[in-house]
Each structure stands twice: as structure tokens, then as C-alpha cells.
Amino acid sequence: MGAAVGLPVLLLIVMPWWILIALVVALAGWLAFTRIGQQSWSVTKVGIATIPQRLGSSSVVVVGIAGVVGVLVALLAMGAGFQATLRETGTDDTVIVMRGGAQTELNSVVDHDTAVVVSQAPQVLHNSGGQPIASPELVVVASLPKVSDGLDANVEIRGVGEHAWEVRPNVKMIAGRKFTPGLRELIAGKNAAGRFKGVSVGSTLKLNGQLWSMVGEFDSGDSHNSEVWGDAGVVASTYRRGSSTTSVSMKLIDAGSFEAIKAALTTDPRIKVDVSTTKEYYNKQSENLTQAIRVLGITVGIIMAVGAVFGALNTMYAAVAARAREIATLRAIGFRGVPVIVSVLLETMLLAVLGGALGAGLAWAIFDDYTASTLGNNFSQIIFAFSVTPQLLWSGLKWALAIGFIGGLFPAVRAARLPVTVGLREL
Amino acid sequence: MKYFHLVWAALFRRKTRTLFTLLSVLAAFLLFGLLDSVRTAFANAGGSVAGVDRLVTFSKVSFTMALPKSLLPRIQAVPGVAEVAYANWFGGIYQDPKNFFPNEAVSENFLDLYPEWVLPAEQREAFRHTRSGAVIGASLAKRFNWKIGDKIPLQATIFPQKNGSNTWTFDLVGIFHARDPKLEGQENVLFFNWDHFNEATQFGGGNTVGWYAIKLADVKRGDQVAQAIDALSADSDHESKTQTEQSFTTALISQFADIGLIVGAIMGAVFFTLVLLTGNTMAQAVRERIPELAVLKTIGFSSQSVLTLVLAEAVLLLVLGGAIGMALAGVVVDIVRARIGNTVPLAPLDVSIWLLGLALMVAIGLVVGVLPAVRGMRLRIVDALSGR
């Protein structure tokens with residue numbers, strides 16, 4: 001029995017959308033054009049028509065499943081949002097160079113000489129002025145109070161080189177102006193602006209005892225939106241870093257030259273560096289947390305689903321019991337078992353779809369674009385928005401169908417097996 | 001209590017329905033047990049148990065910046081300071097970044113400030129005398145199956161050695177365990193000698209340390225001492241920020257995620273559906289039994305007693321399912337902790353989690369029982385017996 005139920009459920013959950021659509025169409029055709037299908041449909045209609053009489057218990061199925069789907073979709077949307085933010089950061093044709101073994105920019109130190117050697121690699125694209133498009137960058141962390149609760153949070157301050165804008169053409173100013181190189185001026189990423197005290201256009205910020213003015217706000221559409229940018233040289237002097245930086249980001253001639261530059265720089269005896277594409281660097285950062293959230297979401301979803309299945313079973317057993325006489329009458333006048341089974345199953349799955357849509361809809365209404373933050377690899381805040389994608393809504397709906405299927409199957413079989421004579425005597 | 005068998009019989013009048021409802025309750029409280037175990041694990045990491053008599057001094061700019069070592073004697077001289085230790089975050093990785101565990105270079109007296117770690121005296125002595133020695137928590141030892149005498153190679157991410165090598169090899173000389181089982185979650189750590197670090201590192205040692213840990217002579221004077229310490233470096237180019245270890249960790253965890261909010265939101269959804277589900281069951285149960293309740297009243301039960309009987313039935317339903325669910329959660333937590341150690345933040349289900357769970361069971365039982373119970377209480381015998 002376990003396998004008989006488990007297999008269809010598993011299939012239901014992993015099923016791609018087009019198979020399900022095909023199944024629904026086939027079912028509709030069967031209901032409309034075959035004799036037994038037509039019988040099933042008329043029995044189902046009677047069942048659905050009696051739902052208002054059992055509104056309380058039917059709503060248990062709907063709300064129970066809405067709860068499962070809502071929580072599942074919301075948790076997975078958190079993971080999807082975080083992953084999307086880091087996935088969109090970086091490209092295949094820009095590379096980031098850090099000290100060998102450093103893993104993250106915060107751990108890395110790249111001295112001036114190394115930065116010069118690195119940017120002279122022949123695979124680096126040159127701009128119209130004939131200079132290599134390379135930006136030596138210094139990442140430091142500032143502890144700033146959040147606007148929301150006043151608690152200190154770590155904000156990533158990125159000192160960038162003059163070519164940073166050419167390395168990342170996706171960065172657009174949306175308010176104020178760019179900082180002036182050489183001055184203590186900062187610009188805030190769209191997500192950081194307004195979230196931390198002193199991080200908004202026009203205000204001043206104290207970093208390591210020195211006053212900086214915030215002169216602009218930028219939108220990069222990716223995880224750089226959680227950062228605050230300034231001139232690398234000025235940031236370095238404030239943080240007493242001399243001429244060293246933490247990484248060098250460079251634009252390549254094309255994505256295909258990555259292997260060549262990686263081989264050239266990692267074997268150069270003068271320097272000891274790691275080279276990766278920025279896409280790879282940021283993608284890797286999302287792996288652990290995304291995985292953890294997935295495991296959490298699915299574990300919570302499964303346990304809640306088990307609870308909802310029993311709720312649905314209760315409701316449908318009660319529904320079958322309440323309609324025992326009517327079902328027995330149908331059987332007595334010649335209806336077979338199949339229409340009875342189909343009608344109970346269809347009714348449950350209809351309630352389940354209703355619940356799934358409600359839960360997914362609520363998750364979407366409340367959590368789509370809900371912003372949250374976590375501590376990223378650089379020990380600083382990465383701000384991201386929950387992303388309730390169509391795929392997530394779809395998988396929520398499939399979970400609902402699976403729960404409805406199990407919750408309806410056993411009561412349906414009981415209804416079909418009920419001896420007619422016993423059923424007719426039921427009150 | 002003398003009516004217990006009556007309540008019990010009423011509860012199992014419809015076996016299937018009660019069983020299914022119990023299983024739903026069980027699932028809800030299984031989830032509650034697991035999630036509250038996670039929440040507690042994070043809360044304990046905030047140092048609710050230990051660390052009340054300690055302050056930590058980090059750079060005011062951010063905890064990723066170093067402080068000058070010259071502060072050490074000056075902090076020691078601050079009145080109210082019993083002892084000062086210092087440490088550096090090393091950030092080494094073992095084989096793969098996924099194997100992450102904290103590893104820190106600590107001053108010789110560091111472990112004296114942390115009496116919650118129990119390290120046998122001879123191992124402590126060995127740690128003192130072995131320059132490349134390291135001590136680790138029991139959970140960490142279990143995770144990688146390390147034994148005393150093993151060599152542990154760590155890849156430096158921040159601090160390469162002077163000779164340019166990124167590999168630091170430590171000799172495992174001691175394994176400590178937490179005095180309080182609640183702290184087992186923090187056993188996942190490796191300490192090694194700061195002097196060795198200072199000697200071998202290419203940079204980052206010398207005149208700077210990552211942070212200071214301060215043991216207070218008098219816990220009540222924590223605020224004053226913290227202010228006095230921060231005054232030492234005020235208006236210099238390396239200002240410090242001193243706070244209790246507890247508030248430091250709490251702030252760090254809250255930066256990672258608002259665990260309480262996530263757990264609270266999930267449990268809110270779970271319990272909302274649970275109330276509806278069990279409420280429906282109780283309403284059905286009472287509806288079917290109206291004539292029976294009328295008989296009870298006829299033979300002399302007061303309206304009050306009928307109310308109590310129905311409420312007791314609802315609470316019993318919740319407590320029965322909930323207790324089994326939480327017991328199951330306890331077993332699951334124990335198995336997971338035994339299997340994969342402390343990489344998953346799970347705290348054992350202790351008395352406080354159980355008490356919270358029981359309070360929720362009783363509260364939900366009362367909420368779902370109250371409407372049916374009032375209905376039972378108010379019924380008029382004549383109407384009920386005649387089926388009106």
C-alpha cells in the first residue's frame with residue numbers, strides 16, 4: 001500500500017508542468033466523453049454541491065494545505081532570492097585576483113607591485129585611452145548602526161580604482177553623483193542606502209575617525225547594492241593600508257581568455273595569487289546558505305504536509321460518512337465503484353488546489369520582494385529580496401495536489417467499498 | 001481526576017478521527033520541538049549560560065580590524081579588570097572551505113578565562129609547552145576523527161607563513177569538552193598558541209591582536225570597566241569598543257539572520273492551522289455527543305462539570321499528541337547530534353523547551369475546546385434529549 005501511494009505522489013512532485021497539463025486535459029476528456037467518466041462527473045458535482053454544508057471541515061483541508069504551501073514557498077523564496085542576488089553578480093569576462101588561498105576579499109592582501117603585474121597581463125582588455133581596464137579594490141568593513149533597530153551591523157566599504165566603472169558597466173548612478181577621486185566622498189548601493197545610519201545621499205559618515213560625505217546612490221542590480229563605494233586610495237589612507245589593496249578586478253578581452261590568464265598569473269613566480277571569474281567567485285558564495293535554506297524549507301514542508309494529510313483524511317472520512325446513504329443509494333441503482341472513488345478524489349484535490357493557490361498567493365503577496373539580510377563571506381551584510389518565482393508557486397501547487405491525493409485516496413476507497421446494505425441503514 | 005476515564009473514553013469514542021487528529025498534533029509539535037531546538041542553539045551561542053563575567057574589546061571600526069598590542073598593559077591596569085587575554089581570528093580551512101570551523105590563535109592565559117572548557121591538566125601543560133600545539137573541542141575531534149598526537153594541517157586564508165607557505169600544521173595536544181552540555185554547540189573550535197602564530201606569520205602579528213577578552217573582578221561593574229577601557233584609546237586612530245561577550249555574540253548572530261523571527265513565523269502558521277484542525281475535530285465530537293452530554297446533565301452533572309469535561313478532553317488531545325511529538329523531536333535531535341555532531345545547530349530538548357511546549361499544548365487545547373465546551377454547558381436537557 002505504501003508503494004502504491006508513495007510512487008504517484010513522488011511522480012506528482014517531480015512532474016514537469018506539461019505532463020500535468022496533459023493529465024488534466026486527459027481527465028477532462030474522460031469525464032466529458034466516456035460513459036463512466038460522465039457518471040463520475042455527476043457524482044462529483046453532487047459532492048461539490050454539498051461542500052457548503054460542511055464548510056467548517058472542508059476549510060480544514062484548504063487552510064491546512066495553504067499553511068504548508070505558504071511556509072514552503074516563503075522559505076524557498078528566501079533561498080531563491082539570496083541565490084539570485086549573488087548569481088547576478090559577476091560575469092564570465094571579468095576576473096577577480098586575490099592573494100593565493102585567500103578565498104574572500106576580506107582575507108586577501110594584494111600589494112601595489114602585484115596589482116601592477118596582474119593588470120599588465122595581455123589578456124586584459126584596454127580602453128580607448130590605451131589603459132588596462134583593471135580596478136585595484138580595497139574591501140574593508142565598517143560597523144554602522146541599522147536605521148531599523150539601532151544595532152550595529154557590518155557594512156562593506158569598497159574602495160575602487162578609476163576603472164571600476166568600466167569593469168562593471170552595469171553600475172548606474174540613480175541619485176546624486178559619483179565620488180570625486182582623492183576626496184573623502186562615498187556613494188551608497190541602492191540596498192544599503194537608507195538602511196544604515198548615515199548611509200544616504202547628503203549625510204555624513206564617520207569612518208575610522210574621519211568624516212566622509214555621501215554624495216550619491218548607485219544601482220548595480222546585484223550584490224554590490226549592499227556596499228558603499230569610495231576611492232581606493234582615500235579608503236586605504238583612512239584605514240592605514242598604505243598602497244596595498246585586497247583584490248584586483250579586471251575586464252578580459254573575451255570570456256575565452258580566462259584559462260590563459262589564470263594559467264599565466266598563477267604560474268608567475270613573482271606573485272602568488274588566485275584567479276577566478278567574478279561570476280564563479282560570487283556564485284560560490286551562495287552555495288552553502290542556499291543549500292541550508294532548501295534543506296530547512298523541505299524538512300519543515302514535509303512535516304507540515306504530514307500534519308495536513310491527516311487533517312484532510314479526517315475531513316474526507318467525515319464527508320464520506322455524512323454521504324454514506326447517498327453513496328449507497330447510487331451504488332444500489334447501478335453506479336459502479338469507480339465514479340465514487342473518482343468523485344471523492346476529485347473533490348479533495350479541488351480543495352487542495354484551492355488551499356495551494358491560497359497559500360502560494362499569500363506567500364507571494366507577503367514575501368515577494370521582502371528584503372532581508374545576512375552575513376556574507378566578507379563578514380558584512382548582504383541585502384537581498386525574497387523572490388517568489390513562478391517555479392516556486394508551481395511546486396507549491398504540486399505539493400498541494402500530492403497532499404490532496406493522499407488525503408482523498410483512502411476515504412475514496414472506503415466509500416467505494418462500503419457495503420450497500422450497511423450504507424443504506426446509515427443515518 | 002476521578003473523571004479521567006470518562007474523558008479518555010470520550011476522546012477515543014471515534015478512534016480513527018482521534019488518531020488522525022493526534023497525528024496532526026504530533027506533526028505540529030514535532031516541528032515545534034525541532035525548530036525550538038534550533039532557536040535555542042542560536043540563543044545559547046549568544047552566551048546565555050557562560051560569559052557573563054567577561055568583556056570583549058574589539059576595534060570600534062569593525063571586529064575585522066586589529067588592535068595594538070600596546071593596549072594590553074593599559075587594560076590590565078584598569079580597576080575592576082581581573083585578567084586580560086587576547087586572540088586572533090585565524091580563519092584557516094581544513095581541506096575544503098565547506099569544513100568550516102573557527103580557529104583562533106590565543107594567548108597563554110586565554111583558557112584560564114574560559115572555565116567552561118574542561119581540559120585535563122596534563123594536556124593543558126602540553127599545550128603550554130608545545131609551540132605548534134593546538135587544542136580542540138570534543139565535537140570537532142569527533143567530526144574529523146582526530147586524536148591526540150595527530151597533525152592537523154590548516155590552509156591559511158588570511159595569514160601565510162613567513163616562508164610563503166599557506167599550510168600551517170598543528171600538533172593536537174589536547175581535547176576539551178564543555179562543562180555544560182548546552183555549550184556543546186560551541187565545542188566546534190580549534191585554539192593554538194598566539195606566540196607561535198606571531199613568530200611564523202608573514203604579517204598581522206607583532207604589534208597587533210584581533211581582540212582582548214577581559215575577566216571582570218566584579219560582574220556588576222561591567223559597564224564602568226568597559227567605558228574605562230574604551231577611554232584608553234578614545235580619539236586615537238585605533239578606537240576600541242568594549243561590550244559583554246554575550247551582547248557581542250548576540251549582535252553577530254542577529255546579523256546572520258533573525259532566527260527568532262523565522263521560527264516564530266513558521267510556528268505561527270503551523271499553530272494557526274492546528275487550531276482550526278483540532279477545533280473542527282472537537283466541534284464534531286461534541287456535536288455527535290449532544291444527547292450523551294444531556295444524559296450526563298440529567299443524572300446530576302452540573303453545567304460547570306460538563307464544561308470542564310469537554311475542555312479536559314481537548315487539552316488531553318493536545319497534550320497527548322504534543323508530548324509524543326516533542327518526545328519524537330527529542331529523539332530526532334539526539335540522533336542527528338550523534339550522527340553529524342554540531343555542524344547543525346540543534347540544542348537538546350531541555351526543560352525550558354518542554355515547558356514552553358506544554359504551555360502551548362494547554363493553551364491551544366483551551367482555545368479549541370472553549371466553543372464546543374460552552375455549547376455543551378449551555379445545552380438544555382429537554383431539547384438535547386429530543387434531538388432538537
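# Reading a predicted two-chain model

Modeller: Let's start in the middle of this predicted model. The largest nonpolar core has 186 residues, and those that touch the most other members are A:Val73, A:Ala77, A:Ile403 and B:Leu31.

Colleague: Happy to start there. Which residues is A:Val73 in contact with, leaving aside its neighbours within four places in sequence?

Modeller: You can find them in your viewer: A:Gly359, A:Ala360, A:Ala363, A:Val388, A:Leu392, A:Leu393 and A:Gly396. Another core lies apart from the largest one; it holds 51 residues, including B:Val84, B:Leu172, B:Phe191 and B:Tyr212.

Colleague: How do I read the place where the chains touch? How many residues of chain A are in contact with chain B?

Modeller: The size of an interface is often given as the accessible area lost when the parts come together. Here we can go by contacts: 40 residues of chain A meet 40 residues of chain B. On the chain A side, the elements giving two or more residues are α4 (55-87), β2 (134-145), β3 (152-160), α9 (278-322) and β11 (371-375). The largest share comes from α9(A), with twelve residues.

Colleague: And by class, what is that side of chain A made of?

Modeller: The side of chain A that touches chain B has 19 nonpolar, 19 polar and two charged residues.

Colleague: Next, backbone angles. What is there to notice about phi at A:Gln103?

Modeller: Most residues other than glycine have a negative phi. A:Gln103 is not a glycine, yet its phi is positive, at about 70°. Look for A:Gln103 in the loop between β1 (94-99) and α5 (112-119) of chain A. A:Asp369 also has a positive phi of about 70° without being a glycine, and A:Asp369 sits in the loop between α11 (337-367) and β11 of chain A.

Colleague: Are these residues buried or exposed?

Modeller: Counting C-beta neighbours is the way to tell, with 20 or more within 10 Å for buried and 12 or fewer for exposed. A:Gln103 is buried because 20 other C-beta atoms lie within 10 Å. A:Asp369 has 11 such neighbours inside 10 Å, so A:Asp369 counts as exposed.

Colleague: Let's turn to chain B. How does its radius of gyration stand against that of a compact globule?

Modeller: A compact globule of 388 residues would come out near 21 Å, but chain B has 29 Å. Its C-alpha atoms fill a box of roughly 95 × 45 × 35 Å along the principal axes. Chain B has 13 helices and twelve strands, and 45% of its 388 residues count as buried.

Colleague: Into which domains is chain B divided?

Modeller: Domain 1 covers 4-45 + 258-385, and domain 2 covers 66-237. Their C-alpha centres lie 47 Å apart. Between them, nine residues of domain 1 are in contact with eleven residues of domain 2. The domain 1 side of that contact has five nonpolar, four polar and no charged residues.

Colleague: Why does B:Thr278 count as buried?

Modeller: Because 27 other C-beta atoms lie within 10 Å of B:Thr278.

Terms used
Residues numbered from 1 in each chain as written. Chains lettered and ligands numbered in written order. Predicted model: local features only at pLDDT ≥ 70, side-chain atom pairs only at ≥ 80, totals over all residues. Contact = placed C-beta atoms within 7 Å. Helix = DSSP H or I, 4+ residues; strand = E, 2+ residues; numbered from the N terminus. Nonpolar A, V, L, I, M, F, W, Y, C, P; charged D, E, K, R; others polar. Core = buried A, V, L, I, M, F, W, Y, C linked by C-beta atoms within 7 Å. Rg over C-alpha atoms; globule rule 2.2 N^0.38 Å. Domains from an automatic or database assignment.
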